[in-house]
Amino acid sequence: MTENLHTSRMMFQWVQLVVISSGVFLSSLDVTVNVALPLISDYFDAEPRTVYLMITFYLGTGVALQLGVGRAGDLFGLRNVFLVGLVSYTTAMIAIGLSPTIESVILFRILQAVGNAALLAISPALVTFLFPGEMRGRALGVMTAIGTLGMLVGTLSAGLMLEYVSWHWIFLGRLPICFISIIGTIVLLKEMGRNTQPKVSPCETDSKIASSIRSFDFMGAVSVFAAVVTLVAYLNVGAVRGWIQVESMPLLIISIALWAFFLRRQTTVKFPLLKLQIFKDIAVSAGVGSNLLLNMGTFVNVFILPYFASEIMGVSTVTLGIFLMLMSIAISMCSPVGGYIADRVGPGLATVVGMLVVTVGLASFTMLSKDASVTEVAVRMLVVGAGVGIFQSANLSLIMGGMKPEGLGTGGALSGISRGMGSVTAVAVLGGIFASIYNLNSPGVGILFASTTHESVNAYVSAFRIVYWVATALTALGMVMSFLAWKGIALHRLRRITK
């Protein structure tokens with residue numbers, strides 16, 4: 001009887017995991033928006049640079065909000081904030097799909113970013129709360145795999161969908177999943193809400209809510225939001241105008257001042273948004289740093305490789321989609337593997353192994369020539385994807401394992417911020433390096449026409465290889481940080497044994 005009850009409870013936990021993972025799945029579906037950008041531009045008769053604000057505002061807002069949202073989850077209940085995120089995301093899908101102007105689309109994309117920030121920050125916190133430590137890696141690995149499956153479904157469905165329906169259904173088509181996720185959260189995760197927030201009288205409930213509101217550092221949330229937004233703006237403006245130009249430097253100065261104010265406030269305020277003491281844990285600080293470096297290094301496969309494949313290799317958009325799909329498949333398949341390794345031998349070793357595979361995979365891209373075959377690129381995408389899958393679930397387990405129960409939302413936010421900032425920084429910094437090197441070696445031919453002359457092709461391949469060497473160096477540094485995190489975990493265990 002007891003064994004059957006335990007089995008039923010475990011099965012219910014895995015069902016709850018699927019509900020939680022639906023939030024990450026919805027977030028990953030946003031890859032379809034990139035495919036629809038040209039159609040959106042034509043529909044509203046808007047210039048591409050205006051339509052691109054859909055992406056810029058969405059990414060910047062999402063990253064900037066995660067720390068505040070994560071802390072809100074710790075104070076007001078992880079399940080409650082997760083549900084608010086789902087409702088916000090769903091509302092945004094409806095509003096965007098019915099928007100009459102490009103300006104309203106951009107505005108409601110900001111609302112979507114609010115919901116997306118909650119989903120990304122709270123999902124790993126809920127999974128960590130739900131499963132015991134010895135199963136945490138596998139559970140987070142499954143969550144990561146389901147999220148990556150969203151990218152795969154989005155990549156495959158976007159082109160097909162846009163052949164038959166308007167771009168509006170890129171957003172409206174997600175509504176069934178949104179509604180199922182909301183219902184699942186209300187019905188299947190309600191016990192989690194009861195566990196974290198015991199039943200009390202109405203007066204006690206009001207008092208608890210008031211106390212949580214007073215404990216939330218609103219000034220800190222606003223300052224870190226502004227600091228991240230201005231930093232992202234600096235990275236984007238600097239990549240176009242120059243890093244030390246009059247247009248970009250004021251943004252950097254403002255961002256530094258805001259970061260200084262935020263960090264100073266966190267050491268003086270009674271209830272800080274972020275307890276800086278957690279970074280004294282080398283496993284957590286090195287884990288966050290290695291996650292940032294991994295996403296900086298691997299994002300070149302998303303925004304540099306497609307141009308190389310289409311301009312230099314001359315492959316079709318279908319083949320390009322297959323390249324990206326292969327990486328997503330490898331991530332999805334290897335994420336549970338990384339989680340399993342993390343549970344069996346520890347997340348530190350698993351992150352080192354994953355980062356090593358990624359580093360070797362990125363280094364192999366530097367050996368590609370203008371005559372590279374489809375198979376050569378496909379194999380490399382699979383290798384990098386496998387390494388990312390192993391690393392991501394193990395790294396997430398490492399970071400969440402270093403959080404106290406009352407700080408799980410903050411842990412999920414730190415993971416999400418490092419991931420988002422890695423991607424944003426890669427586009428600005430590595431994209432700027434690529435363009436600068438190409439223009440230096442081929443000043444007479446625009447980068448979009450690199451395949452027109454022998455010299456411009458060579459310049460393109462040279463810039464491509466250098467950028468991939470830079471990406472390799474970043475992930476190699478990330479491997480060192482993962483090793484430090486691994487040693488930090490070992491030190492914790494030794495301290496517990498000696499006590």
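These questions and answers cover helix packing and a few residues in a predicted model.

Local features here need pLDDT of at least 70, side-chain atom pairs count only at pLDDT 80 or more, and totals for chains, interfaces and linings use all residues. Residues are numbered from 1 along each chain as its sequence is written, and side-chain values use heavy atoms, with hydrogens and water left out.

Me: How are α5 and α6 oriented where they pack, roughly parallel or roughly antiparallel?
Reply: Helix α5 spans residues 78-97 and helix α6 residues 102-130, with axes 7 Å apart and an angle of about 150°. Axes are lines fitted to C-alpha atoms, for helices over the stretch in contact, and angles run from 0 to 180 degrees between N-to-C directions. Angles under 35 degrees count as roughly parallel, over 145 as roughly antiparallel, 65 to 115 as roughly perpendicular and the rest as oblique. The angle therefore makes α5, relative to α6, roughly antiparallel.

Me: How many residues of the contact of α5 with α6 are nonpolar?
Reply: Ala, Val, Leu, Ile, Met, Phe, Trp, Tyr, Cys and Pro count as nonpolar, Asp, Glu, Lys and Arg as charged, and the others, Gly among them, as polar. In the contact of α5 with α6, seven residues are polar and two charged, while the nonpolar ones number 18.

Me: At what angle do α18 and α19 pack?
Reply: Helix α18 covers residues 347-365 and helix α19 residues 374-401. The contact of α18 with α19 has 16 nonpolar residues, eight polar and one charged. The axes of α18 and α19 lie 7 Å apart, at an angle of about 155°.

Me: How many residues of α14 are buried?
Reply: Helix α14 (residues 282-298) has 17 residues. Buried means under 20% relative accessible area, exposed over 50%, partly exposed in between (1.4 Å probe, protein chains only). α14 is largely enclosed by the rest of the structure, because the buried residues among its 17 number 14.

Me: Which side chain is joined to that of aspartate 30 by a polar contact?
Reply: Aspartate 30 sits in the loop between α1 (2-28) and α2 (31-44), and at 9% relative accessibility aspartate 30 counts as buried. A polar contact is a pair of N or O atoms within 3.5 Å; within protein, one must be able to donate a hydrogen and the other to accept it, and residues adjacent in sequence count only if both atoms are side-chain atoms. At 2.8 Å, the partner of the aspartate 30 side chain is that of arginine 109.

Technical notes. Helix = DSSP H or I, 4+ residues; strand = E, 2+ residues; numbered from the N terminus. Expected span 1.5 Å × (residues − 1).
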